[in-house]
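Q: Could you take a close look at one part of this model for me, and then walk me through how some of its helices pack?

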Amino acid sequence: MLNLGSLKISLPAVQAALSGFSDRPMRMVSRRFGADFAMAEVVLDDHVVLKGKLRDRVFAIGADDHPIGGQLLGSRPEQLAEAANDLVEGGYDLVDINFGCPVKKVLGRCRGGYLLSEPVNALAIVKAVISAVSGRRPVTLKMRRGFDDSVESERAFFSILDGAFASGVASVTVHGRTVEQRYIGPSNWDFLARVKRHVGSCTILGSGDLFTAEDVHRMMNETGVNGASVARGAIGNPFIFRECRALFEDRQVSPPSMAEQRDAVEFQLAESLANYDHDYAGRTFRKFGISYADLHPMRPAVPQAFIAARTTEDVLDVLATWYDATREWPDAKQRETVSDLIAAGAERKADSPRSVQ
């Protein structure tokens, strides 16, 4: 059980907020395969408080899509407070503040991870949001382990962390890379263990390098964090939540069968077609299909087929060809663990590094 303030989550592995990914179709397929709690896509406070199509999309939450968290990006306490109130009024079950996004455009506008270098403004935002929410919903925080590796950055991190808990946040999610690292190099789980020891009984979720249920289980065992926020590891892999539950219950974990993979891709594509226009649904599902294909026994042919797809009809053709229920397929493959990926990366030439994803 994971306690996020008043929310009691039965599985301590939750689906993270992912810009451009964690839309309703992704959330619903994650729930179908075991996720108890899911975050919507990270959203700018402007898009919440200003009327328009983007605002309408933010509040298009179905009755079957709960509990759901909304994650906000911004730099001004008063506007983030207004957006947080709107999320509560619009039916979100939790409000999360993003102090971790490493995207250059976000940093350039003093949002996301940039705020880790401005603890005074960061804590002003936390206090304003908590005041606006007024205890109606839990307020949580997403951070990276600092803006960079400097002593000053680490000092700012702990200042924000301590101040946020003192102000009343229900939990803090900590990603084990710095903002400057983006996604290069391994996530520092030793730092997560330090953070958990530092805060004692306060709730910490770990993030970074969680691509299999075994990764989640190992992070929680090695660091002592209360839960795990699964981000890129859930893209095209909703099965990770079912597998996490099996591990926590000491049950055997096995790769998803081809029938289960077909069920997932067909379900998510159907959700996309139900929520978007026909042409956009195929285009947006294509990026998920590439990740789903990583589980297919016929790698690398299936990822290449999705990469080559350009239209919704192309995507439907890939599904008909490579997820054909009448065809005999080899046994499904398990995804590589983060240890496998790191080991593979160590074998590459030092002058051509590649992010561990």
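A: Start with the side chain of N98: one of its polar atoms sits 2.9 Å from the backbone nitrogen of C101. The backbone nitrogen of G100 also lies 2.8 Å from a polar atom of the N98 side chain. Bear in mind that this is a predicted model, so treat these distances as computed from it.

Where does N98 sit? It is part of strand β7, which covers residues 94-99. N98 counts as buried, because its relative accessible area is 5% and the cut-off for buried is under 20%. Leaving out residues up to four places away in sequence, N98 touches V42, Q71, L72, L73, G112 and K142. Take K142 from that list: N98 and K142 are 44 residues apart in sequence, yet their C-alpha atoms are 5.0 Å apart in space.

Now for the helices. Two packed helices are described by the angle between their axes and the distance between those axes.

Take α7 (residues 151-167) and α8 (residues 189-199) to begin with: they pack at an angle of about 40°, and their axes are 12 Å apart. That angle makes α7 oblique to α8, and the crossing of the pair is right-handed. On the α7 side, the contact is made by E154, F157, F158, L161, D162 and F165. On the α8 side, F191, R194, V195, H198 and V199 make the contact. Sorted by class, the contact of α7 with α8 has 7 nonpolar, 1 polar and 3 charged residues.

The other pair is α12 (residues 278-292) with α13 (residues 301-308). Their axes come within 8 Å and cross at roughly 170°. Angles over 145 degrees count as roughly antiparallel, and α12 and α13 are therefore roughly antiparallel to each other. Here F285, R286, G289 and I290 of α12 meet P303, F306 and I307 of α13. By class, the contact of α12 with α13 has 5 nonpolar, 1 polar and 1 charged residues.

To put the pieces side by side: N98 is buried in the model, α7 is oblique to α8, and α12 runs roughly antiparallel to α13.

Technical notes. Residues numbered from 1 in each chain as written. Predicted model: local features only at pLDDT ≥ 70, side-chain atom pairs only at ≥ 80, totals over all residues. Heavy atoms only, no water. Axes fitted to C-alpha atoms, helices over the stretch in contact; angles between N-to-C directions. Helix = DSSP H or I, 4+ residues; strand = E, 2+ residues; numbered from the N terminus. Parallel < 35°, antiparallel > 145°, perpendicular 65-115°, else oblique. Left-handed = near helix turned anticlockwise from the far one by under 90°. Contact = heavy atoms within 4.5 Å. Nonpolar A, V, L, I, M, F, W, Y, C, P; charged D, E, K, R; others polar. Buried < 20%, exposed > 50% of the residue type's maximum accessible area, 1.4 Å probe, protein only. Polar contact = N/O pair within 3.5 Å; in protein donor to acceptor, adjacent residues only side chain to side chain.
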